[in-house]
Amino acid sequence: MIDVLTQTQVQEPQRIRGLEMPWNRVMGSVEGPASAAKALGPWHPQEFMAECVETIPEAGGMMTFVFRRSDGAPLAFRPGQYVNIAFPVNGEDQEPVDRSYSLSSSPTEPWTFSVTVKRDPGGLVSPWVHQNVRPGTVLDMLGPVGAFHLPDADRRARYLFLAAGAGITPIMSMLRTIHSLPGTADVVVLYHGAEAGGFAFHRELAYIASVDSRIKVFYALGDRGRPEHWEGFSGRLTSAMIDEVAPDANGRQVYACGPEGYLNTATELLRKVGVDDTSIYMEFFSGDRQTLLEYQAELALAADIAEEIAGEIAESAEDYFEGQPAAFGIYEPGYDQDGTLQATGLALEAANPEAPAPAGGTPAVAPDAQTPDASSFDTVGTGSLTLSFMRTGINVRIDPEEHILEVAQRAGVRIGANCKEGMCGSCKVVKLSGEIDMNHQGGIRRREIDAGKFLPCCSTARTDMVIDA
């Protein structure tokens, strides 16, 4: 019998030049495209409910959760973006806990979408997610959000993807998208993991690389030993490793995702091999690597993570990952078993003197007994308006055009912050009085605004203000 596989000459497909996202021409159209086409364009973040329809166990202690919007609409997003999800961790009658997770699915299949969650036994949210989210679970979501994504059109489409641990999730969305689209592309993936059996999506990655000549995938283990028959790389990320998989790295756009220490290393190594900073995309939310390093000493969680790159990825603390899209920023407040740790400073426990005692039996107290008097606070800074930070016990002068977060942090007010662009929601605080102008990018829900919360990173003061921070 003739072996057809060995006798047939395989030819490369003929493709159009470059890559173009399916919504790109819709967004640029002047002829008024149909509503159905408009619905597939990732115009802006929305609040919506979504139902889990499938759970898929992944290697490395991860689980993929497949959702569909409850209203039946497609979820339009760019590959690499994330959604913010409200999880009723403490019960349906309690305030939900928000977490942001990268979308791991492709926007070219918009009727369902997936997030992939790494489980850590000591985490606040991920153990609950792994145990409780099942087909039929309905959750409140906001998205898509995030600037870490592929371009809508790229005539060259030459990429180097660097992923470590849970950082594979947005990279997976990018790979699935490229694989589903026509057009020329040249993609190299270098994926770091802690153990040979711990690479999430490894079967699908092997399939994609075997059938799509545009994509090459390489694997690397950390420093924990090289198992027998391992054919990939060993050790932490090095410039020699980058040179071997992509000797033309300086001619590629680089997208990197992983723990902060891994990204710091990648930044230095990419510069050594000649990659310009303008060609490197990482979700350092502040955009300033030095600023991130300065905050390491202040945040114990981030400091623990900073030293754990490729070799320790599997044991990285989950709250570093789950508070950010796929494990990026480090401006995340600390956590304990009860949730987010509050900022240090003076307590704020205003009470109605006529209200009955709470169920625990503690009598209500008059406001003057617990609420600090802002007039007694020290005042710093210059400006025409005053911000009174009640927990910190300080008045800060500010001008109307200045963003509140920047001025507050400069004055020593401890407010957690990631993106500083109104996307992630991590700087959210309560406004007790005063008026603001807020220009957010989806980092806060309507119900939170109605409850008096705001994002100081993207807000300016219109009047004097009293803030619970």
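Helix H5 buries Ile168, Thr169, Pro170, Ile171, Met172, Ser173, Met174, Leu175, Arg176, Thr177 and Ile178. That makes eleven of its 13 residues, so H5 is mostly covered. The model is predicted. Salt bridges number 22 across the whole structure, while disulfides number zero.

**Helix H5**
- H5 covers residues 168-180.
- From first C-alpha to last, H5 reaches 18 Å, close to the 18 Å expected at 1.5 Å a residue.
- Ile178, one of the buried residues of H5, also takes part in the surroundings of arginine 214: its backbone oxygen lies 3.0 Å from a polar side-chain atom of that arginine.

**Arginine 214**
- Arginine 214 sits in the loop between helix H6 (202-211) and strand S11 (215-221).
- Its relative accessibility is 5%, so arginine 214 counts as buried.
- Besides the backbone oxygen of isoleucine 178, the side chain of arginine 214 reaches the backbone oxygen of glycine 183, at 2.7 Å.
- Neighbours within four places in sequence aside, arginine 214 contacts Arg15 and Leu19 among others.
- Its contacts also include Ile178, His179, Leu181, Pro182 and Gly183.
- Thr184, Ala185, Asp186 and Val187 are in contact with arginine 214 as well.

**Salt bridge Asp186–Arg252**
- Aspartate 186, one of the contacts of arginine 214, forms a salt bridge with arginine 252.
- The closest N and O atoms of aspartate 186 and arginine 252 are 3.2 Å apart.
- Aspartate 186 lies in strand S10 (residues 186-193), and arginine 252 in the loop between helix H7 (239-245) and strand S13 (253-257), so the pair ties together parts 66 residues apart in sequence.
- Aspartate 186 counts as partly exposed, at 25% relative accessibility.
- Arginine 252 counts as buried, at 4%.

**Salt bridge Glu448–Lys428**
- Glutamate 448 and lysine 428 form a salt bridge, with their closest N and O atoms 2.9 Å apart.
- This pair links distant parts of the chain, 20 residues apart.
- Glutamate 448 belongs to helix H14 (residues 446-450), whereas lysine 428 is in the loop between helix H13 (404-410) and strand S20 (429-433).
- Glutamate 448 has a relative accessible area of 4% and is buried.
- Lysine 428 is partly exposed, at 23% relative accessibility.

**Salt bridge Asp437–Arg462**
- The side chains of aspartate 437 and arginine 462 meet in a salt bridge at 3.9 Å, N to O.
- Aspartate 437 is in strand S21 (residues 436-438), and arginine 462 is in the loop between strand S23 (459-461) and strand S24 (465-468), so the pair ties together parts 25 residues apart in sequence.
- Aspartate 437 counts as partly exposed, at 41% relative accessibility.

**Salt-bridge network**
- Shared partners join several residues into one salt-bridge network: Glu95, Asp98, Asp140, Lys428, Arg445, Arg447 and Glu448.
- The Glu448–Lys428 bridge has both of its residues in this network.

- Six of the six residues of strand S6 (residues 113-118) are buried, so the strand is largely enclosed by the rest of the structure.
- S6 is covered on both faces.
- Phe113, Val115 and Val117 are buried on one side, and Ser114, Thr116 and Lys118 on the other.
- Strand S3 (residues 62-69) runs antiparallel to S6, joined by six bridges.
- Phenylalanine 113 of S6 stands opposite phenylalanine 67.

**Six-stranded sheet**
- Six strands make an open sheet with mixed pairing, in the order S17-S19-S18-S24-S20-S22.
- Strand S17 (378-380) and strand S22 (453-454) are the edge strands, each pairing on one side only.
- Within the sheet, strand S18 (residues 385-389) pairs with strand S19 (residues 394-398) in the antiparallel sense, over five bridges.
- Leucine 387 stands opposite valine 396 in S19.

**Cysteines**
- A disulfide is a covalent bond between the sulfur atoms of two cysteines.
- The structure holds zero of them.
- Cysteine 52 is buried, with a relative accessible area of 1%.
- Cysteine 257 counts as buried too, at 0% relative accessibility.

Definitions and conventions. Residues numbered from 1 in each chain as written. Predicted model: local features only at pLDDT ≥ 70, side-chain atom pairs only at ≥ 80, totals over all residues. Heavy atoms only, no water. Buried < 20%, exposed > 50% of the residue type's maximum accessible area, 1.4 Å probe, protein only. Helix = DSSP H or I, 4+ residues; strand = E, 2+ residues; numbered from the N terminus. Pairing = 2+ DSSP bridges. Polar contact = N/O pair within 3.5 Å; in protein donor to acceptor, adjacent residues only side chain to side chain. Contact = heavy atoms within 4.5 Å. Salt bridge = Lys/Arg side-chain N within 4 Å of Asp/Glu carboxyl O. Disulfide = S-S within 2.5 Å. Expected span 1.5 Å × (residues − 1).
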